[in-house]
Amino acid sequence: VMKNFSLIFKNTLKRDAFKLSITAVALILFASVFSTVMTSMFSSQVEILGMYATLQNPAMIALCGPTFATADNVTIAAFYAQEMLLFTALIVIVVMVLHTISRTRAEEDEGLTELLGSFPVGRHVISISIAVEMFLFSLVTGFGIAFLQNGLMGADNGFTLEGNFLYAFALSGS
């Protein structure tokens, strides 16, 4: 089943390294840098409480889910994670699905899968190598988002290392 997996996997990584690294940098920047914009948008406690009231709206609850923050302990980090998680997760999912489809279905249509299958490789080794590649891409993206956001925000406005890791791996695990 896994015959010549390492050879196929190395080739897959070599072929996709540039594309995936550019994509990872773009996703990491998109998911992390907006937190600095949000802190400048909501600089006072009055603005933060106004945003908290918006998050209590039934339409926002239906879209983003209920918030666990209260008016006493609401921070920018709490509603940043609540608002941005959905929208950023959609982008991450689309990117990963498109890459997986382009490396499996498109190659099958072009006949590359049959060509590789004519050599002594396992039956599902191409699909497994793409799955492992996407898993590694998710890990790199998750760590990148967590560390960049932690570096940008530190502990300001409720952003903690644990919260940044939770947000980052919720994104990359989607």
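Ser-35 has its place in helix α1, where a helix is a DSSP run of H or I with at least four residues, numbered from the N terminus. The model is a predicted one, in which local features need pLDDT of at least 70 and side-chain atom pairs count only at pLDDT 80 or more, while totals for chains, interfaces and linings use all residues. Residues are numbered from 1 along each chain as its sequence is written, and side-chain values use heavy atoms, with hydrogens and water left out.

With a relative accessible area of 0%, Ser-35 is buried, a word that stands for under 20% relative accessible area, as exposed stands for over 50% and partly exposed for what lies in between, with a 1.4 Å probe and protein chains only. Leaving aside residues up to four places away in sequence, Ser-35 touches Tyr-80, Gln-149, Met-153 and Phe-159, a contact being heavy atoms within 4.5 Å. The side chain of Ser-35 also reaches the backbone oxygen of Ser-32 at 2.6 Å. From C-alpha to C-alpha, Ser-35 and Asn-11 are 37 Å apart in space, and they are 24 residues apart in sequence.

Helix α1, which covers residues 5–41, also gives the most to a nonpolar patch, with three residues. This surface patch of about 300 Å² is made by Val-25, Leu-29, Val-33 and Leu-152; patches consist of residues with over 30% relative accessible area and no salt bridge, with like charges joined within 9 Å and nonpolar side chains (Val, Leu, Ile, Met, Phe, Trp, Tyr) within 5 Å. A salt bridge, in turn, is a side-chain nitrogen of Lys or Arg within 4 Å of a carboxyl oxygen of Asp or Glu. Leu-152 lies in helix α6, residues 125–153, and is partly exposed, with a relative accessible area of 37%.

Aromatic rings come next. Across the whole structure, a search finds eight aromatic pairs, where rings of Phe, Tyr and Trp (its six-membered ring) pair if their centres lie within 6.5 Å, and planes under 30 degrees apart count as stacked, over 60 as edge-to-face and the rest as tilted. The rings of Phe-5 and Phe-9 are stacked because their centres are 5.5 Å apart and their planes are at 10 degrees. Phe-143 and Phe-147 form a stacked pair as well, at 6.1 Å centre to centre and 15 degrees between the planes. Phe-5 and Phe-9 are both buried, whereas Phe-143 is partly exposed at 39% and Phe-147 is partly exposed at 49%. Together with Phe-165 and Phe-169, Phe-143 and Phe-147 form one aromatic cluster.

Note on methods. Accessible areas come from the Shrake-Rupley method with a 1.4 Å probe; for residues, only the protein chains shown count as cover. Helices (H or I, at least four residues) and strands (E, at least two) are DSSP runs, numbered from the N terminus. A polar contact is a pair of N or O atoms within 3.5 Å; within protein, one must be able to donate a hydrogen and the other to accept it, and residues adjacent in sequence count only if both atoms are side-chain atoms.
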